[in-house]
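Good morning, and thank you for coming. Please look at the structure on the screen while I speak.

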Amino acid sequence: MVTTRKDSETRELAGKRALVTGGSRGIGAAVVRQLLDAGAEVLTTARSATRTVPKGAAFVEADVRTRAGAEAIAAAARETLGGVDILVNNAGGARPFQHAWAIPDEEWQDQLDLNYLASVRLDSLLTPGMRERRSGAVVHVSTAAVPTSAPPFLHYTAAKAALQNYSRGLALELAPFGVRVNAVSPGRTATPGGEATRGQWASLDEGPGQDTTTPPLGRDGRPDDIADAVLFLVSDRASWLTGRNLTVDGGEFPVG
Ligand SMILES: NC(=O)c1ccc[n+]([C@@H]2O[C@H](COP(=O)([O-])OP(=O)(O)OC[C@H]3O[C@@H](n4cnc5c(N)ncnc54)[C@H](OP(=O)(O)O)[C@@H]3O)[C@@H](O)[C@H]2O)c1
């Protein structure tokens, strides 16, 4: 039988076991779909199951903001997949506040738990197996807004900045074991969460207004634009790539 280039590309992750957090919609759902198309076995998570969880993926309901949630996800991954070769820490999100000084303590903690510590906890539970097998790929989904920071999302960008810094350090620690760790930083992407957050931002009475300029490439991102970058980073095509942050933003942000 003749194997076309497309056949071999679509099955390039056959035999791989992948965990994607926050795969019930938006960027996470696109990553899950692309992983399934590439032949991987996929487990995904969210706080509640919906019909938008891509068909073909196993699902576990858990809150990534707690140690107990991370442990439940890791246990489900061991049970349903037998281990994880690809870990995509995607669940995250932001709530805008008019001013930095108006952000309550519990909101800072919540953003650190959701956008930073959730990844730290899951990585600590699942990368030991990768280390033992001397192979694996981890992706942290950050944001293109980190270098410029972005009031009214100071707590969010600060947490994602910590995530990027940690991602680089973890990559250096795991490189000798053949485990690669990278970050992907999306710009403005059309997702349910992104649209809801921008709606809340638009309704703030004062403070920094939204940047409504169109990215140089002429449109906002689509979930698959971000998933394409994630798929590349977890594939063998990126086998000499670790410790990096790939900004995918249509050229919008000056640094990335
Ligand atoms: N969209 C953008 O413009 C944009 C830009 C830059 C960076 N990002 C980053 O991209 C990632 C995905 O964003 P998105 O726009 O696709 O968001 P989204 O549409 O809101 O989807 C978020 C996913 O994460 C899950 N989730 C949220 N909080 C969770 C929690 N505490 N525990 C477990 N699961 C949770 C959601 O399900 P449940 O709500 O049911 O739990 C959902 O499946 C995030 O890390 C975000 O910061 C997005």
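How many residues apart are Glu 195 and Arg 198 in helix H6? They are three residues apart, which means that about one helical turn separates them. Helices here are DSSP runs of H or I with at least four residues, strands are runs of E with at least two, and both are numbered from the N terminus.

Before I continue, a word on the model. It is a predicted one, in which local features need pLDDT of at least 70 and side-chain atom pairs count only at pLDDT 80 or more, while totals for chains, interfaces and linings use all residues. Residues are numbered from 1 along each chain as its sequence is written, and side-chain values use heavy atoms, with hydrogens and water left out.

Glu 195 and Arg 198 form a salt bridge, with their closest N and O atoms 3.5 Å apart. A salt bridge is a side-chain nitrogen of Lys or Arg within 4 Å of a carboxyl oxygen of Asp or Glu. Glu 195 is partly exposed, with a relative accessible area of 41%, whereas Arg 198 is buried at 16%. The word buried stands for under 20% relative accessible area, exposed for over 50%, and partly exposed for what lies in between, with a 1.4 Å probe and protein chains only.

Which residues of H6 are buried? They are Gly 194, Thr 197, Arg 198 and Trp 201. These residues lie on the same side of H6, because they cover an arc of only 95° around the axis. That arc is taken from the directions from the helix axis to the C-beta atoms.

I turn now to the ligand. It is surrounded by 32 residues, and the closest are Ser 24, Arg 47, Asn 90, Tyr 156 and Thr 191; a residue counts here if one of its heavy atoms lies within 4 Å of the molecule. An N or O atom in the side chain of Arg 47 is 2.7 Å from an oxygen atom of the ligand. For Tyr 156, a polar side-chain atom lies 2.6 Å from a ligand oxygen. Taken alone, the ligand exposes 880 Å², of which the protein buries 93%; these areas come from the Shrake-Rupley method with a 1.4 Å probe.

Which element gives the most to the shell around the ligand? It is H6, with four residues. Helix H2 (26-37) and helix H5 (154-174) are also among the elements that give two or more.

Asp 85 and Arg 133 meet in one at 3.7 Å, N to O. This pair links distant parts of the chain, 48 residues apart: Asp 85 is in the loop between helix H3 (67-81) and strand S4 (86-89), and Arg 133 is in helix H4. Asp 85 is buried at 10% relative accessibility, while Arg 133 is partly exposed at 36%. Within it, the side chains of Arg 65 and Asp 63 meet at 2.6 Å, N to O.

Finally, consider the backbone. Most residues other than glycine have a negative phi. Arg 134, although not a glycine, has a positive phi of about 55°. Its place is the loop between helix H4 (105-133) and strand S5 (136-141), and Arg 134 is exposed, at 51% relative accessibility.

Definitions and conventions
A polar contact is a pair of N or O atoms within 3.5 Å; within protein, one must be able to donate a hydrogen and the other to accept it, and residues adjacent in sequence count only if both atoms are side-chain atoms.
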